[in-house]
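Please consult the sequence and the structure shown below while reading.

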Amino acid sequence: MVLKNYYLIILLVSSVLFGNCSSDEVVISDNLDPIEEDLLRTINEFRLAGGNCGSGLSQNAGNLSWNFLLEEIARSHANDMNSNNFFGHEGSNGSTVGNRAADFDYAFSTIGENIANGFTTVESVMDGWINSSSHCELLVNDNFTEVGVVRVNDIWVMVLAAPL
């Protein structure tokens, strides 16, 4: 219960901190580690520049804010894939990203997930996602407002969502 309250406080503080940000500038929270900062900056720069996904989709999208609960949802799936030696969007128990979000009591209006394997840097994994039409389309989807990303060994999981 304490952990859930902690995440609720972080979510509320994030809403206050990012609620008045201009949509044309990349904003980074002080609470992120350098890799998280690099990921968020790279994602938001791509979204703000009108990322071209190669599928014909090219659109400007607003800033995403980092959500530590989404990061934990992503971590649970990355750990599952790493521990059980598989790679896919479906968990070893048959779960989807929506199921995993529900397990963490994250109520969402929309949710999506990008996964990658074998990349060793933020730049390389972002290039991989940008150069894949389906992954890129999630990156520039303006319905998403929050993101959390983790790397476990060389397995990366990005969860994008909009809360209810």
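In helix 2, the residues Glu 36, Leu 39, Leu 40, Ile 43, Asn 44, Phe 46, Arg 47 and Leu 48 are buried; buried means under 20% relative accessible area with a 1.4 Å probe, counting protein chains only. The model is predicted, so that local features need pLDDT of at least 70 and side-chain atom pairs count only at pLDDT 80 or more, while totals for chains, interfaces and linings use all residues. Residues are numbered from 1 along each chain as its sequence is written, and side-chain values use heavy atoms, with hydrogens and water left out.

**Helix 2 and its surroundings**
- Helix 2 comprises 15 residues, 34-48, and spans 21 Å from its first C-alpha to its last, close to the 21 Å expected at 1.5 Å a residue; the expected span is 1.5 Å times one less than the number of residues.
- The buried residues of helix 2 pack against several elements, among them helix 3 (68-84), helix 5 (122-130) and strand 4 (155-163).

**Ends of helix 2**
- At the start of helix 2, a side-chain oxygen of Asp 33 lies within 3.0 Å of the backbone nitrogen of Ile 35.
- Just after helix 2, Gly 50 adopts a positive phi of about 80 degrees.

**The whole protein**
- The protein contains six helices and four strands; these are DSSP runs, with helices (H or I) of at least four residues and strands (E) of at least two, numbered from the N terminus.
- Along the sequence, the pattern is α-α-β-α-α-β-α-α-β-β.
- Of the 164 residues in the protein, 45% are buried.

How values were computed: Buried means under 20% relative accessible area, exposed over 50%, partly exposed in between (1.4 Å probe, protein chains only). Contact means heavy atoms within 4.5 Å. A polar contact is a pair of N or O atoms within 3.5 Å; within protein, one must be able to donate a hydrogen and the other to accept it, and residues adjacent in sequence count only if both atoms are side-chain atoms.
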